[in-house]
Amino acid sequence: MKSIERLVVVGAMVPMLAMAAPTWRMAVEKDGTTNWVTAAENRWAIDVRFGADAGGWKGTIVNREPGAVVLDFEVMSDPLPVADGRTALYLPYVYGWRIRNWPREGVKLPGRRIWTEAKDGVFELTKCLKYPGKFGTMQWCTLNDGSKGFYLGSDDAKCVAKDFRAAYDSRAKEVRLGFDLPMFVPAGVTFEVPRLFFDAYEGDWKAAARRYRAWWDTCRTVARIPDRVKDTVGAMMVIL
């Protein structure tokens, strides 16, 4: 990823089932400023650069009509280069999953089947990372080569359902990352679109983990185990 100094992420609002005409406002955050766009613009691009302010989306969808509406907010990045043996994708699969063995045409990878071959050497991440769910345990992932990385996350204290997306081109050795955010908006309801956040950062994958943990600590309180309990041998034996 040393050959890439910027990341363009495109988001699009796609009507899946529309029985009404909703209105929406989407806040596009870029270079430290926020601009609101309306339903007339259903595609937005964010340019994220190393050393600059990160970018993202948030917004509201208001359905003032008598019928319900189903929308899918699709977010996908530009292709990011992958170096075999060095670039890894870190996913919030259960306790965390590191992917360094990228799929290749005609080669069966050991372990779980996490990739599905589409066509022309492109592999898509199997739909097993639905958050929140049995396997999707956190709202962030990162692509990192040991010195630089791209962070994809959601600062969403309400934990709205979302899917992680990844598409790897085994011929070009490039991967694209993104989110799918399905939304069902009943009549007369205002849906708050959670903040989707993107950042290009320096450092290893732990820098991305610290960024997510710093946000998480602002909206959740983790119970503290008293020192007397930690130091009690009997209590430790019961736990084990």
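Lys-162 and Asp-156 are both buried, a term that denotes a relative accessible area under 20%, with exposed set at over 50% and partly exposed in between (1.4 Å probe, protein chains only). The side chains of these two residues form a salt bridge with an N to O distance of 3.0 Å; a salt bridge is defined as a side-chain nitrogen of Lys or Arg within 4 Å of a carboxyl oxygen of Asp or Glu. The model is predicted, so that local features need pLDDT of at least 70 and side-chain atom pairs count only at pLDDT 80 or more, whereas totals for chains, interfaces and linings use all residues. Residues are numbered from 1 along each chain as its sequence is written, and side-chain values use heavy atoms, with hydrogens and water left out.

Seven salt bridges are present in the structure. In one of them, Asp-155 pairs with Arg-195, with 2.7 Å between the closest N and O atoms. This pair connects distant parts of the chain, since Asp-155 belongs to strand 14 and Arg-195, 40 residues apart from it, to strand 17 (residues 190-202). Strands (E, at least two residues) and helices (H or I, at least four) are DSSP runs numbered from the N terminus. Asp-155 counts as buried because its relative accessibility is 15%, while Arg-195, at 21%, counts as partly exposed. A further salt bridge joins Arg-213 to Asp-217 at 2.8 Å between the closest N and O atoms. Both residues lie in helix 1 (residues 205-219), four residues apart, or about one turn of the helix. Through salt bridges with shared partners, Asp-155, Arg-195 and Arg-211 form one network.

Ser-154 is also located in strand 14 (residues 148-155) and is buried, with a relative accessible area of 0%. Its side chain reaches the backbone oxygen of Arg-195 at 3.1 Å. Beyond its neighbours within four places in sequence, Ser-154 has contacts (heavy atoms within 4.5 Å) with residues including Lys-162, Arg-195 and Trp-215.

The largest nonpolar core comprises 38 residues, of which Phe-73, Leu-89, Trp-102, Trp-115, Val-175 and Met-183 touch the most other members. Strand 16 (residues 174-185) contributes the most to this core, with six residues. A second, separate core of seven residues includes Trp-140, Tyr-151, Phe-197 and Trp-215. Such a core is a set of buried Ala, Val, Leu, Ile, Met, Phe, Trp, Tyr and Cys residues joined through side-chain atoms within 4.5 Å.

Terms used: Polar contact = N/O pair within 3.5 Å; in protein donor to acceptor, adjacent residues only side chain to side chain.
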